[in-house]
Amino acid sequence: MALPDDIRKLQEFVLPEFVTPLLMLSLVDYFDRWEDVEEEIIPEGDRSEIEHYATRLIGHAAQMLF
C-alpha cells in the first residue's frame with residue numbers, strides 16, 4: 001500500500017499501513033504545538049511547508065473517515 005503523493009514523505013518515517021486518520025490528526029496537533037514543545041522558532045520557509053502538509057493531512061484524514 002502506498003500513500004498518496006502529497007503525503008508520501010510519511011513513508012520515510014512510518015509504514016504506510018500504520019498511517020491512520022488518528023496518526024494524521026496527531027501529527028497536525030504536534031505541528032501546531034511544535035514551537036512550544038521544541039522551544040525554537042520555525043523558519044518561515046519551513047512554516048509554509050508544515051502548514052501545507054498539515055492541510056493535506058487533515059484532508060486525507062477526513063477522506064478516510066468519511
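A salt bridge is taken here as a side-chain nitrogen of Lys or Arg lying within 4 Å of a carboxyl oxygen of Asp or Glu. The structure is a predicted model, in which local features need pLDDT of at least 70 and side-chain atom pairs count only at pLDDT 80 or more, while totals for chains, interfaces and linings use all residues. Residues are numbered from 1 along each chain as its sequence is written, and side-chain values use heavy atoms, with hydrogens and water left out.

Six salt bridges are present in the structure. In one of them E35 pairs with R47, with 2.7 Å between the closest N and O atoms; this pair links distant parts of the chain, since E35 belongs to helix α1 and R47 to helix α2, 12 residues apart (helices are DSSP runs of H or I with at least four residues, strands are runs of E with at least two, and both are numbered from the N terminus). E35, at 27% relative accessibility, counts as partly exposed, as does R47 with a relative accessible area of 23% (buried means under 20%, exposed over 50%, and partly exposed in between, with a 1.4 Å probe and protein chains only). Through salt bridges that share partners, E35, E44 and R47 are joined into one network.

A further salt bridge is formed by D6 and R56, whose closest N and O atoms are 2.4 Å apart. Because D6 lies in the segment before α1 and R56 in helix α2, the pair ties together parts that are 50 residues apart in sequence. Within helix α1, D29 forms a salt bridge with R33 at 3.0 Å between the closest N and O atoms, the two residues being four apart, about one turn of the helix.

A pocket is an open set of points on a 1 Å grid over the protein atoms alone where a 1.4 Å probe fits, with protein on both sides within 12 Å along at least five of seven lines, and lining residues have an atom within 4 Å of a point. Of the 16 lining residues, K9, F31, W34, I50 and Y53 lie nearest the centre of the largest pocket.
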